[in-house]
Amino acid sequence: MIHVVTNRPFTVDVEYASRMTKSSISSFLLWVKDKDVIAVDTEAEGEFNFENKMLSIQIGDEKIQYFFDWLSLSTEQKREIAKIMASDRIKIFHNSKYDIKSLWFTGFKKLKNFYCTLLAELIHNAGIDRPKSWFSLESILYRNFKVTTEKYLRSSFTYDNILEYKSIFYACTDIKYLIPLREKQMKILKDENLANDNCQDEYTVLGLENRVVFAYAEMEYNGVKPDINKLDEMREEVVNHIATLESELDDIVVNDPILSKHYKLKRTHTLFGVEET
């Protein structure tokens, strides 16, 4: 069942009444309070570019999905959702790096305990030559659950059409399967010693990837600002260190009775010919 939370006029046609209802933030908070793991996704006006606004956020599991019409929500309603994003419960995303940047841009200050199904899939398939489309959520859902999604809709979302039935059904289909997908991925990765029950740990590949994605997102969000002068100093130090090591290695070879037979003199070309050193 899809629960639509919006402050705009919205009614559910009879033909969709068995699959969708208008709901409230209080209903959501009652549902989520005992959940340790939730699936989350966002929809925006387009790719993240510091201009496109987040239009909706979906939170749910296999049975219940809450669709929040983000731009219509009150400050207090948004604050309650932000608390959930900062809580200790596991939040499952696909391509969490994108959603992290979108949520930051929208005003979420604290995000915590994200699990990324894309990263898990990349870890499991590491070293295997796969087409890029293999790792799309559309492809993953079809392989695992024989579910098809209308991904073409995502690029056309606007404030005016995000409350259309087809938009809501599409958005909520994505999160409906994320929890069972995570369960499948975790079983495989644990069998391969690439994960444990704590998918946020510091000792497994999956745990590290789920943690470090915030750093990658921050670099893309804020940019990397290198100290050019410091880099020049480091380059000079490295060049000098390499020259010292080469000289020391030359001395070792020259003074070794076996290696010295194979030592070739360095030749320096000058205006007056070739000098040997």
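Me: Which residues of α5 meet α7?
Reply: On the α5 side they are Leu137, Ile140, Asn144 and Phe145, and on the α7 side Leu178, Pro180, Leu181 and Lys184. By class, that contact has six nonpolar, one polar and one charged residues. Keep in mind that this is a predicted model.

Me: Why are α5 and α7 called roughly perpendicular to each other?
Reply: Start with the angle: helix α5 (residues 137-145) and helix α7 (residues 178-191) pack at about 75°, with their axes 11 Å apart. The label covers 65 to 115 degrees. The angle falls in that range, so α5 and α7 are roughly perpendicular to each other.

Me: What makes α4 roughly parallel to α7?
Reply: Helix α4 (residues 117-124) and α7 pack at an angle of about 30°, and their axes are 10 Å apart. Angles under 35 degrees count as roughly parallel, so α4 gets that label with α7. The crossing of these two, α4 and α7, is left-handed.

Me: Which residues make the contact between α4 and α7?
Reply: From α4 you have Thr117, Ala120, Glu121, Ile123 and His124, and from α7 Leu178, Leu181, Gln185, Ile188 and Leu189. Sorted by class, the contact of α4 with α7 divides into six nonpolar, three polar and one charged.

Me: Which residues touch the most other members of the largest nonpolar core?
Reply: That core has 30 residues, and the ones touching the most other members are Phe28, Ile57, Ile59, Phe68, Ile81, Met85 and Leu103. The element that gives the most to this core is α1, with four residues. Another core, of 21 residues, lies apart from it, and includes Ile123, Leu189, Leu194 and Leu206. As a general point, nonpolar side chains tend to be buried together in soluble globular proteins.

Me: What is Ile81 in contact with, leaving aside its neighbours within four places in sequence?
Reply: Ile81 is in contact with Ile25, Ile57, Ile59, Phe68, Trp70, Leu73 and Phe108. Ile81 also belongs to the α1–α2 contact, on the α2 side.

Me: Let's do some loops. Why is Pro9 called exposed?
Reply: Pro9 sits in the loop between β1 and β2. Its relative accessibility is 80%, and exposed means over 50%, so Pro9 counts as exposed. The C-alpha atoms of Pro9 and Ile242 are separated by 70 Å, and the two are 233 residues apart along the chain.

Me: What makes Ala17 partly exposed?
Reply: Ala17 is in the loop between β1 (2-5) and β2 (20-22). At 42% relative accessibility, Ala17 lies between the 20% and 50% limits, so it counts as partly exposed. Leaving aside its neighbours within four places in sequence, Ala17 is in contact with Met1 and Val12. Ala17 and Met1 are 16 residues apart in sequence, and their C-alpha atoms are 9.3 Å apart.

Me: How do you know whether Lys146 is buried or exposed?
Reply: Lys146 has a relative accessible area of 58%, which is over 50%, so Lys146 is exposed. Lys146 lies in the loop between α5 and α6 (165-176). Its phi is near 55°, a positive value in a residue other than glycine.

Terms used:
Residues numbered from 1 in each chain as written. Heavy atoms only, no water. Contact = heavy atoms within 4.5 Å. Axes fitted to C-alpha atoms, helices over the stretch in contact; angles between N-to-C directions. Parallel < 35°, antiparallel > 145°, perpendicular 65-115°, else oblique. Nonpolar A, V, L, I, M, F, W, Y, C, P; charged D, E, K, R; others polar. Core = buried A, V, L, I, M, F, W, Y, C linked by side-chain atoms within 4.5 Å. Buried < 20%, exposed > 50% of the residue type's maximum accessible area, 1.4 Å probe, protein only. Left-handed = near helix turned anticlockwise from the far one by under 90°.
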